[in-house]
Amino acid sequence: VVSDAEARCVVKEACGLRAKARAATDAGDPASAAALLTRAQALEGRLVDPFWRDLAAAAVDLALAA
């Protein structure tokens, strides 16, 4: 993410996916729950401490240029 606002959106969406995963588990649908948790984890992987955002962005740019 590139901003605090985007980070808040990511957290909100990931929390929603986790809530849906809990509901799927309660409904006896572990496959759907696992898929939802995977999506939530992928979103959370985008979160980087603000201190490291510029360094992380530069590392990604460097990797893409290689």
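Residues are called buried under 20% relative accessible area, exposed over 50%, and partly exposed in between, with a 1.4 Å probe and protein chains only. By that cut-off, 18% of the 66 residues in the chain are buried. The model is a predicted one, in which local features need pLDDT of at least 70 and side-chain atom pairs count only at pLDDT 80 or more, while totals for chains, interfaces and linings use all residues. Residue numbers run from 1 along each chain as its sequence is written, and side-chain values use heavy atoms, with hydrogens and water left out.

View 1. Helices (H or I, at least four residues) and strands (E, at least two) are DSSP runs numbered from the N terminus, and read in sequence order the chain gives the pattern α-α-α. The C-alpha trace spans about 45 × 25 × 10 Å along its principal axes. The radius of gyration, taken over C-alpha atoms, is 15 Å, whereas a compact globule of 66 residues would have a value near 11 Å, the globule rule being 2.2 Å times the number of residues to the power 0.38.

**View 2. The accessible surface and the charges of the chain.** The accessible surface, computed by the Shrake-Rupley method with a 1.4 Å probe, comes to about 4800 Å², and 64% of this area belongs to carbon and sulfur atoms. With Lys and Arg counted as positive and Asp and Glu as negative, and with His and the chain ends not counted, the mean positions of the 8 positive and 9 negative charges lie 6 Å apart. Each charge is placed at NZ of Lys, CZ of Arg, CG of Asp or CD of Glu.

**View 3. The largest nonpolar core, with 11 residues.** A nonpolar core is a set of buried Ala, Val, Leu, Ile, Met, Phe, Trp, Tyr and Cys residues joined through side-chain atoms within 4.5 Å. The members of this core are V1, A7, V10, A14, L17, A21, A24, A33, L36, A40 and L43. The elements that give two or more residues to the core are α1 (4–26) and α2 (30–44), and the largest share, 6 residues, comes from α1.

View 4. L37 is partly exposed, with a relative accessible area of 32%.

**View 5. A27 in the loop between α1 and α2.** At 63% relative accessibility, A27 counts as exposed. A27 and V2 are 25 residues apart in sequence, and their C-alpha atoms are 37 Å apart in space.

**View 6. A59 in helix α3 (residues 53–65).** A59 has a relative accessible area of 44% and is therefore partly exposed. From C-alpha to C-alpha, A59 and V48 are 13 Å apart in space, with a separation of 11 residues in sequence.
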